[in-house]
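This report concerns selected side-chain contacts and surface features of one protein model. Please consult the sequence and the structure shown here while reading.

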Amino acid sequence: PGNMESTDADAQQGGEEETEEPIETFQAAQTSGAIEPTAPKEFNKDNDPDSAAKAPAYRVAALCDLGSTYRIIGDLDKSDKMFREALSIDPHNVRTLSHYGTFLYTGCVEYERAAECFEKALRIDDSHVLTLCCYADMLASRNNPNHDDKKADQLIDKARWLASSESEKQSVKFVKKNIAESRKYEIEAKAAREQYKRMIEDQYASYLASKNSKGKKGGKKK
């Protein structure tokens, strides 16, 4: 898998702007409660003559928020159901695709399906900061068998360049920090493995030397 704002054209109708949630380190965002649901604005036929036309977009936003909420409380089945229902209404909603992709890799460890969601979202809107950040975070994960540091860097650099709101800038900052810490840990882990390997090799060499020395002494006694 913080707080990000971004404008999603696919989740808007009738000129309404939708606010995207801020996101911190995406691996922990959905489990820690960092992603807070964004409640759609109320509407009815009395105060908004276009409410009927907007209803599907509001429903998609609500279902996406429910999916995130169920993920936070650990109900993965209901979370998956909410995201799927949202996408059945609007399969091209970038915001939903981005959140579902994050759910798939943080909650279900399904990296390939998550990548499909992110790729589809970026084909629709290649400047969607949330998607760029989420996808970069997933690609940089050392647990991802298809991790790609080069592409992760390209995506997060693009997100940094596009981020305009303070929330978007903070989201990019959080993800860059997450990626840096992940790589630092990998370097330290690799160094520790090498050190352990050398220690075992030295111990084995000492064992062989000791064994050979005892063998020579035994041969002289005979």
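The model is predicted. In it, Asp80 has a relative accessibility of 19% and counts as buried, because the limit for that class is under 20%. Its partner in a salt bridge is Arg84, with 2.8 Å between the closest N and O atoms.

The model contains 8 salt bridges by the rule applied. One of them joins the side chains of Glu110 and Arg113, with an N to O distance of 2.6 Å. Both partners are partly exposed: Arg113 has a relative accessibility of 31%, and Glu110 has one of 28%.

Another salt bridge links Lys158 to Asp126, where the closest N and O atoms are 3.8 Å apart. Lys158 is located in helix H7 (residues 149–162), whereas Asp126 lies in the loop between helix H5 (111–124) and helix H6 (129–140), so this pair ties together parts that are 32 residues apart in sequence. Lys158 is partly exposed at 32% relative accessibility, and Asp126 is also partly exposed, with a relative accessible area of 44%.

## The loop between helices H4 and H5

Val109 is placed in the loop between helix H4 (94–107) and H5. Although Val109 is not a glycine, its phi is positive, at about 55°. The relative accessibility of Val109 is 53%, and the residue therefore counts as exposed, the cut-off for this class being over 50%.

## A nonpolar surface patch

Which residues form a nonpolar patch on the surface? The patch consists of Tyr196, Met199 and Ile200, which together have about 290 Å² of accessible area. Tyr196 is found in helix H8, which covers residues 166–221. With 53% relative accessibility, Tyr196 counts as exposed.

## Summary of the contacts

- Glu110 and Arg113 meet at 2.6 Å, N to O.
- Asp126 and Lys158 have their closest N and O atoms 3.8 Å apart.

Note on methods:
Residues numbered from 1 in each chain as written. Predicted model: local features only at pLDDT ≥ 70, side-chain atom pairs only at ≥ 80, totals over all residues. Heavy atoms only, no water. Salt bridge = Lys/Arg side-chain N within 4 Å of Asp/Glu carboxyl O. Buried < 20%, exposed > 50% of the residue type's maximum accessible area, 1.4 Å probe, protein only. Helix = DSSP H or I, 4+ residues; strand = E, 2+ residues; numbered from the N terminus. Patch = residues over 30% accessible without salt bridge, like charges linked within 9 Å, V, L, I, M, F, W, Y side chains within 5 Å. Areas by Shrake-Rupley, 256 points an atom, 1.4 Å probe, with all protein chains shown as cover.
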